[in-house]
Amino acid sequence: MLEAERDIKVVGEAGTGQEALDLLRELAVDVLLMDIRMPGMDGMATTQKITEAGYPTKIIILTTFDVDEYVYQALRAGASGFLLKDARATELVDAIRAVHSGEAIMAPSTTKRLLANLVPTPEEKNEPDPRLRHLTDREVDVLKEIANGSNNSEIADNLHLAEGTVKTHISRLLFKLHARDRVGLVLCAYDMGLVER
């Protein structure tokens, strides 16, 4: 199905995490579809090893929402997003293209539900998360919008900002929170208790 797309080429397939790592040493891979559950090294450990090794490969986690408890850790380990295994062919193709172009796969309808079930609830603290001290009020607003699944144009509309200004805020958030992409920002927002479940 992927080979039928003019701009997508399947360069390899692996049945285990170790096979995937071995292939990455030989092939230039832009986007990798990663199953969480594999024999031997699972998708979470494989994702972490790929990230730690510094490969530029973007990773999309394939998951069955109600079963895979490790998606949160895989996203934390450096995956660029997730896709449900029953996604339509067009969704898969769109996800690959989006991740390749630097976007993260953050489907609002399922992401919030997934993270709300998988992200540990922040412990009650007497003081706000210390990372908040480094963010401006507007950056916090943008971060909340991202965590709720808004794209850049929606954030611009909701906060009455120019899209260029939104991009600037997102760049600053990525830098200040040491996040790789939008997925990382969503995880930070949940960790910091900025999102209501």
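Trainee: Does Asp 7 count as buried or exposed?

Mentor: Keep in mind that this is a predicted model. The general idea is a cut-off: a residue is called exposed when its relative accessible area is over 50%. Asp 7 has 52% relative accessibility, so Asp 7 counts as exposed.

Trainee: Which residue does Asp 7 form a salt bridge with?

Mentor: For a salt bridge, look for a side-chain nitrogen of Lys or Arg within 4 Å of a carboxyl oxygen of Asp or Glu. Here the partner of Asp 7 is Arg 97, and their closest N and O atoms are 2.7 Å apart. This pair links distant parts of the chain: Asp 7 sits in the segment before α1, while Arg 97 belongs to helix α4, 90 residues apart. Arg 97 is partly exposed, at 32%.

Trainee: How many salt bridges does the structure hold?

Mentor: Seven salt bridges. One of them pairs Asp 22 with Arg 25, again with 2.7 Å between the closest N and O atoms. Both residues lie in helix α1, three residues apart, which is about one turn of the helix. Asp 22 is partly exposed at 32%, whereas Arg 25 is exposed at 55%.

Trainee: Which residues do shared partners join into one network?

Mentor: Glu 5, Asp 7 and Arg 97.

How values were computed. Residues numbered from 1 in each chain as written. Predicted model: local features only at pLDDT ≥ 70, side-chain atom pairs only at ≥ 80, totals over all residues. Heavy atoms only, no water. Helix = DSSP H or I, 4+ residues; strand = E, 2+ residues; numbered from the N terminus. Buried < 20%, exposed > 50% of the residue type's maximum accessible area, 1.4 Å probe, protein only.
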